[in-house]
Amino acid sequence: MKKVEIKPNNVSIDRINEKCLNCGMCKKTCEKINGLEGDCINCGQCVLTCPSGALIPKFDYKKVLNYINDTDYTVVAFTAPAVRVAIGDEFGFASGAFLEGKMVSALKNIGFDYVFDTTFGADLTIMEEANELVGRLKHKQKPLFTSCCPSWVLYMEKYHSEDLNLVSTCKSPISMEASMIKSYFSEMYDIPKEKIITVSIAPCTSKKNERVIHPETDVSLTTRELAMMIRETNIDFKNLKDAEFDALMGSSSSSGLIFGTSGGVTEAVLRTAYYMINGKMAPPKFYDLEEIRGEENIKTTTVDLGKYYLRVAAVNTIKIASENYEKLKTFDFVEVMACPGGCIGGAGQPLSAIKDMLEIRNKRRESMYNMDRVAQNREAYKNPKVQDAYISYLSKNDIDLHTEYYAKKSIKS
Ligand code: SF4
């Protein structure tokens, strides 16, 4: 078989058979990026290189438009960091244009009742994961593997179930945010959670599968689907006035923002872990960790956390993680993202010519780090909305921001 198999129950990816050229490009991409012999982990990278558009993300946006038209529901959107630096590609902006204000405005014009920022969920993830890291360092348990990429988590469940204790128990930023919308937001705004529809907008096809496991997210859409909704509701995106996220979960640190690029989770977690250990802001190196930024296969560095000296690694793609698995276990903290360059290169992002993909990802990354450089608040622990949430709600209520993992069948088992 020249092409990758898309099973009928695949919730992330679809194939329009009439368009398929049987060229085998999807299979080549899967082998190059995942190396899993066609065992789908929902990353969807095959979608980005299919020359005929036969492979597409599963489109779920019509469901959302129906919910919006049903006055019985409060429909809440929340947007992942990498969407705002990619949505402009669909509307003639320069690659990497930072269009947060227009994106929020578009969502409000489409009819969402509230629009929150998933970087709030990322800041929560940083707090929880940094805490977990510090706990493990105290007990000399290493490494800690990140858990925000659902394709990486699925790979671990399928191929290294003996090591699931190494994976952070933190839910992904999207699942944390959705849990908070169905609890914190529901209580604060006195809206029954059964009447709230949570709609995540992400660069990612794998999140469509994650929501099956974590149904606190009702629908997971891609950046491409956001563009489709904008067109279908006749919004003039280019000329939209900027709007702001709704306040309760709208403000974030730039640590939450850089989650969208490979190495960003590591940098963000280390800034907060340093503070947790030393009670003061981390030194400048933690705000410019060049060694772990970018698209090299495995990027490594060492950092001094005061009491602990850490070896950290940030890995681009499952294939590289899989080939270097035993070596990665010798590090203290390991971030793995399935998509090249991290979520900025996710399969739900706008399509482009294959020859331009690296350059476009570079522009998106640059855009995020530029915002980080000038941000007033670069640490999750300083985010006032996160502080409020812990003091007024999370300390008094049992909201599960953590999860468990289970061994799953791989193609080889
Ligand atoms: Fe999704 Fe990001 Fe993982 Fe790609 S790297 S599968 S976009 S979470």
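Helices, as the term is used here, are DSSP runs of H or I with at least four residues, numbered from the N terminus. In this predicted model, the loop between helix 1 (25-33) and helix 2 (45-49) contains Glu37. Most residues other than glycine have a negative phi, and most peptide bonds are trans. Glu37 is not a glycine, yet its phi is positive, at about 50 degrees.

The peptide bond joining Lys142 and Pro143 is cis, with omega at about -5 degrees.

Four strands form an open sheet in the order 5-10-9-8, and their pairing is mixed. Strand 5 (144-145) and strand 8 (298-304) are the edge strands, each pairing on one side only. Two bridges link strand 5 to strand 10 (residues 333-337) in the parallel sense. Within this part of the sheet, Phe145 stands opposite Val334 in strand 10. Helix 11 (residues 264-278) packs on the sheet and touches strand 8, strand 9 (309-316) and strand 10. The direction of helix 11 makes about 150 degrees with that of strand 10.

The ligand remains to be described. Which residues surround the ligand? Its surroundings consist of Cys149, Pro150, Ser151, Cys204, Ser206, Met337, Ala338, Cys339, Cys343 and Gly346. By residue class, this shell divides into seven nonpolar and three polar residues, with no charged residue. The space that the ligand takes is the largest cavity.

How values were computed
Residues are numbered from 1 along each chain as its sequence is written. This is a predicted model: local features need pLDDT of at least 70, side-chain atom pairs count only at pLDDT 80 or more; totals for chains, interfaces and linings use all residues. Side-chain values use heavy atoms; hydrogens and water are left out. A residue is near a molecule or strand if one of its heavy atoms lies within 4 Å of it. On a 1 Å grid over the protein atoms alone, a cavity is a set of points where a 1.4 Å probe fits but cannot get out, and a pocket is an open set with protein on both sides within 12 Å along at least five of seven lines; lining residues have an atom within 4 Å of a point. A molecule sits in a cavity or pocket if more than half of its atoms lie within 2 Å of its grid points. Ala, Val, Leu, Ile, Met, Phe, Trp, Tyr, Cys and Pro count as nonpolar, Asp, Glu, Lys and Arg as charged, and the others, Gly among them, as polar. Two strands pair if DSSP finds at least two bridges between them. Contact means heavy atoms within 4.5 Å. Axes are lines fitted to C-alpha atoms, for helices over the stretch in contact, and angles run from 0 to 180 degrees between N-to-C directions.
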